[in-house]
Amino acid sequence: MISKRILSFFAAACLSIGITTATPPDEGMWLPLLLKQLNETEMQKKGMKLSAEDIYSINQSSLKDAIVSFGGFCTGEMISSEGLLLTNHHCGYGQIQQHSSVENDYLTNGFWAKTKAEEKANPGLTATFIVRMEDVTKQILEGTANTKTEAERESVIQRNMAKVRKASTAGTHYDAVIKPYFYGNEYYMYITETFRDIRLVGAPPSSIGKFGGDTDNWMWPRHTGDFSIFRIYAGPNNEPADYSPNNKPYKPKHHLPISLSGVQENDFTLVFGFPGRTNEYLTSQAIEEIYAVSNPAKINIRETKLNILDKDMKASDAVRIQYAAKYASIANYWKKWIGENRGIRKANAIEKKQQLEKQFANWVAADANRKATYGNLLADFESNYKALDGITITRDYITEAAYGVEIVRFANTFVKLQQQLEANAPQTEINDQVAKLEKTIAGFYKDYNAPTDKKVFAALLDLYYKNIDAKMHPTAFATVRSKYKGDFNKYADEVFSKSVFTSEAGVRKALADVKAGKKDAIKNDPALQLASNIADYYSKNIMPTYTKVNDNLNLLYRTYMTGLREMQSDKNFYPDANSTLRVAYGKVEPYEPVDGVKYKYYTTLEGIIEKAESGAAEDYAIPARLKELYEKKDYGRYGVNGQLPVAFIASNHTTGGNSGSPVINANGQLIGTNFDRNWEGTMSDIVYNPDQVRNISVDVRYMLFIVDKFAGAGHLVEEMTLVTDDTSGLPQVDARSKAAPAEAQNLSKKERRKAEKAAKKKAKEAAALN
């Protein structure tokens, strides 16, 4: 059951937000292609000095040419003409961890390449640019009008997609991604260019990059220097290439100039990136299931696992390094779901959805044609969600609890091999499968500790056993019940004492036996048997119903979206996030989380020191060098009136995938890097509350301070284009930014004129590069 401590997080007063026919202030993740017709006027009213063409263009360089999908899970931005890429520390965390060891602990100490030769390659890491977008709805939906089922419709769509992708990229090195919008009412294609040689350049120590840790995650005020720096390398002709020491730094079409002017309350802000997944148009039944059933279960499972990992990581540096990235990943959504439930309640989201559905029902009832099209829609939603009773929660327990055990998840990848062995497949096919598995072994066991996983095994499977109705148990649980009286600690003893999957050596020997022709090499392995049993149960008892109902729901939502857009014809609708390039815009502003409390829109280094000296949490430890710079007030050109800005908040609508996205000011200059949302606003994936939703960003001046003053990596700052805002709204290079702070304050008129002349020359050079 969910713990009392977690339940306490859910308690909050309800705050009503009215349903209107206009999009609430600053809500939306908008398609760059459509900014001109949907958003440009409103954005400029809010203070933007750019045009839609400046943001997205296929005819000239634009902001979109500085934005990348970083690894497919985060966003990054180009910040120099030499391929420097800025993203979050937590986005680069896996790469930092992979390069770390007990001897070279870059997680703890940070990493800074002094020369390009010291930059570290990251096999498998990619950076993807968007070349152009295109509305391909007509081509993709061709031939779907006469299909009778969702499966048949999807088959036609997939064939059309393949045809369009092939025609669009023939003779090029580009790829094409086509995705549905508004539940398949519309389709857009992204032509992409993916670079494969991405090298780690710099990362602050975790005491800066993860300052506040799990204590502050999803919270405001925030004081985290959540950034890391990579570099894209290219082959001949500045095009993508596999890693080679002969590759050269990539020359981007555009890189973001960096503003030293900072932010003020009510400043316009634009976030450009790849938001992962939102569900803004769910019905009340769906939100109620998330709030009352699914989220509490997943929170409890993850908290159980986190407690085990935390204890073992504190007891061993080796385990700490092995599980650092895993722990962060697990904890991230654990806390997000807690905040999401809190926000759903605070926004009165379920009741507001019910009001919208009542409004929709009345609108339908008022017209005979609408009745014919939409008359049964809401009733069909209700019946389909009822059909998922017990199914969705069991699916959650399988994905979070059963596959939350590493040995089960890894053994599951060997199920296909065992099936081939039992079917007496040709040895060549078996050897091909073995070769694929062998490629995964080293990476898995590098970050695997069997004693830790054994504890997780016993705890999580016990949760599944006790919290899910016995009729939804895999048959393996019957053995635990009869043989071990339901004691999963005893079951764990057997599995971990007999399974080859507890060690790299054991797995390699088993695969060698398979290649030698031994058909029973892994047949009786208890971890494989459990993984196979769970997979079989899921495929036969959960997946069919889940798939069928969700196919039904997809059709219902597609119809519902058509109806909503017809009913609210004066509203601009934005599609749910789906990991494609989007623009969100808002303004820098504070907020009131609870009655009687108002948060400022910015934080400073002063707050870091206060937290560090509070002794309240180990997450607040800081490097001695940072405290030394604070005591000397040695902030250089990055300080303001004796303070050093660290982070700020704005009302941009963001979600997962926006991590690392640039926060851009009215003039198209970089002012921060997005890394989180406030806890009160995490429900924005489901419902947007303009009074509460805030995105959290590292102030770019803090990033520059850490790189320059803290790390002594000023050579990286020299690559960047530092600017101030002029009255015309166009970027102007700050010639003094290359000078020492004292010199910058004491330029003579002659020196200033010389600097201004140099600035104009530099601006022309920058324009030519961009």
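In helix α13, Ala-349, Ile-350, Lys-352, Lys-353, Leu-356, Glu-357, Phe-360, Trp-363 and Val-364 are buried (under 20% relative accessible area, with a 1.4 Å probe and protein chains only). They lie on the same side of α13, because they cover an arc of only 160° around the axis. The arc is taken from the directions from the helix axis to the C-beta atoms. An α-helix has 3.6 residues a turn, so residues three or four places apart point the same way.

The model is predicted: local features need pLDDT of at least 70, side-chain atom pairs count only at pLDDT 80 or more, and totals for chains, interfaces and linings use all residues. Residues are numbered from 1 along each chain as its sequence is written, and side-chain values use heavy atoms, without hydrogens and water.

The buried residues of α13 pack against several helices, including α11 (284–315), α12 (317–346) and α24 (526–567). Contact means heavy atoms within 4.5 Å. The axes of α13 and α24, lines fitted to C-alpha atoms, come within 11 Å and cross at roughly 80°. That makes α13 roughly perpendicular to α24 (65 to 115 degrees). Here Leu-356, Glu-357, Gln-359, Phe-360 and Trp-363 in α13 meet Tyr-560, Gly-563, Leu-564, Glu-566 and Met-567 in α24.

A second pair is formed by α26 (residues 624–632) and α27 (residues 700–710), whose axes come within 11 Å and cross at roughly 105°. α26 is therefore roughly perpendicular to α27. Arg-625, Leu-626 and Leu-629 in α26 meet Tyr-702, Phe-705, Ile-706, Lys-709 and Phe-710 in α27.

Terms used: Axes are lines fitted to C-alpha atoms, for helices over the stretch in contact, and angles run from 0 to 180 degrees between N-to-C directions. Helices (H or I, at least four residues) and strands (E, at least two) are DSSP runs, numbered from the N terminus. Angles under 35 degrees count as roughly parallel, over 145 as roughly antiparallel, 65 to 115 as roughly perpendicular and the rest as oblique. Buried means under 20% relative accessible area, exposed over 50%, partly exposed in between (1.4 Å probe, protein chains only).
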